[in-house]
Amino acid sequence: MRTIGSRDGSAKAASFQTGAEKIALVLATILVLVAAGGVAGQTTTDVTIRSLETHLKLYPQDFKSYDALGASYIQKGRETADATYYELAKGALDKSLDQLSSGPAAASAKTHMAVVAMSEHQFEDALRWSQEALSLGSGDPSPWAIVGDAFTDLGEYERAEDAYARLGDPLHPENESNGLAYERNSRLAYLHFLKGDAPGAIKLMRAAIALAITSHLPVENLSWSQYQLGEICFKSGDLRGAEEAYTAGLAIDPNSYRNLSGLGEVRTAQERYPEAITLYQKAIAAVPYPAFAAALYDLYVQQGRSEDAHKQLELLEFIGKLNPLNQRLFYRELALFYADHNLKLKESVELAKKELVVRHDIYTWDILAWVLFKNGRVPEAAGAMDKALALGTGDALLDFHAGIIELQLGQSERAQKLLENALALNPHFHLVYAAQARQTLRQLADSDARTGSANSPAARSPNLGGSFE
């Protein structure tokens, strides 16, 4: 659900009042850029950034405009997944807070600082910034969204739900047609999914999308909302619903790397492999995410294109270790890839444990369990897997991992139930592991027929679920 940073914080729209002269200057800048052809190929966000930068050269004491510039850099970061924009956002927000760091007017910049911290996986910092914003008494409840996000990544789900419940208009609590209701519903949808309520999650996400449309949110946010709906549908085994959501996301933004990759996953499940490869190629051309390179690697292996697969392996490691920020952002992706393919297994444990230092959600526990299993540390893996399954999340890959670990422990009856669960949830949940789940169940059934017990050494072969190759 979170493999490509799907919930990296939502930039609160910064509003600020300026004098007529300042407004005229910003508008004039935009008109000049349009007349000069300077906006060709640029987004609305690009134009806003350039106009604010020009404005601030003339009015460097305008703390509200620095806050607005920071918010625009955050939006650009969301659109491009380029972490450089988050650093630029911090610089602009620092300048805003240098001029005004206390009082209600500073709450917006501190909220945006919290969004940046979330985007860089600094979850404790995100919690601190958002709580500081709330303490200033601005009356704006939007920082509660970031409080909830931080608690979600820290694995404190009840506290997250309490925070999201505060996302409403305190003066008009009955008002359900505003941006705050969108922020609440889209986040609660994810929590409902984690707690095993996929129908409730889908209902909330569709309500959030309707609110996003009526609230005229930016294109990227609308597209992201469709992606989130698609993810929930796919993990719930609703390929048609997932395809419809991803396609809708691409209709909103044809360059949406998230929806390109999501539709690639659907095409993989449908065994339309050439189409899946093309979609992932487009996604990685837009944004070089390790998860996209990993998906292409597996598809190339499946298609017998070993040279192309090797190039994706090199790209994946290059992206994941490009700089300290990338290393921190992609611990999970690298750890999972190494474990899946029996590569650098000791390093995979180190990466997963580094992730656990900062993030304690169920998916971090799942990856830790899987890498421990691949390193032969099966009892430790089972302990971590218990934490991954604690919420009863309906995710076939979680059940598959748990089933293979239980099988290795000799708990064949429980393993069988988990593997059957995985395939019942989504019979196409993974390019390789769905077939391995079916194979393992056949081996268990054959062993039971031969010996009267599914707990034979053959049924507990360490190779089951062990590798893609």
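Is Arg 272 buried, partly exposed or exposed, and what is its relative accessibility? At 33% relative accessibility, Arg 272 counts as partly exposed, where buried means under 20% relative accessible area, exposed means over 50% and partly exposed lies in between, using a 1.4 Å probe and protein chains only. The model is predicted, with local features needing pLDDT of at least 70 and side-chain atom pairs counting only at pLDDT 80 or more, while totals for chains, interfaces and linings use all residues. Residues are numbered from 1 along each chain as its sequence is written, and side-chain values use heavy atoms, leaving out hydrogens and water.

**Salt bridges overall**
- A salt bridge is a side-chain nitrogen of Lys or Arg within 4 Å of a carboxyl oxygen of Asp or Glu, and by this rule the count comes to 27 salt bridges.
- One network of salt bridges links Asp 153, Arg 332, Glu 355, Arg 359 and Asp 361.

**Glu 220 and Arg 78**
- These two side chains form a salt bridge at 2.8 Å, N to O.
- Because Glu 220 lies in helix H11 (residues 219-235) and Arg 78 in helix H3 (residues 63-80), the pair ties together parts that are 142 residues apart in sequence; helices are DSSP runs of H or I with at least four residues, numbered from the N terminus.
- Glu 220 is buried at 7% relative accessibility, and Arg 78 is buried with a relative accessible area of 3%.

**Glu 275 and Arg 272**
- Glu 275 forms a salt bridge with Arg 272, whose closest N and O atoms are 3.0 Å apart.
- Glu 275 is partly exposed, with a relative accessible area of 37%.

Note on methods
Helices (H or I, at least four residues) and strands (E, at least two) are DSSP runs, numbered from the N terminus.
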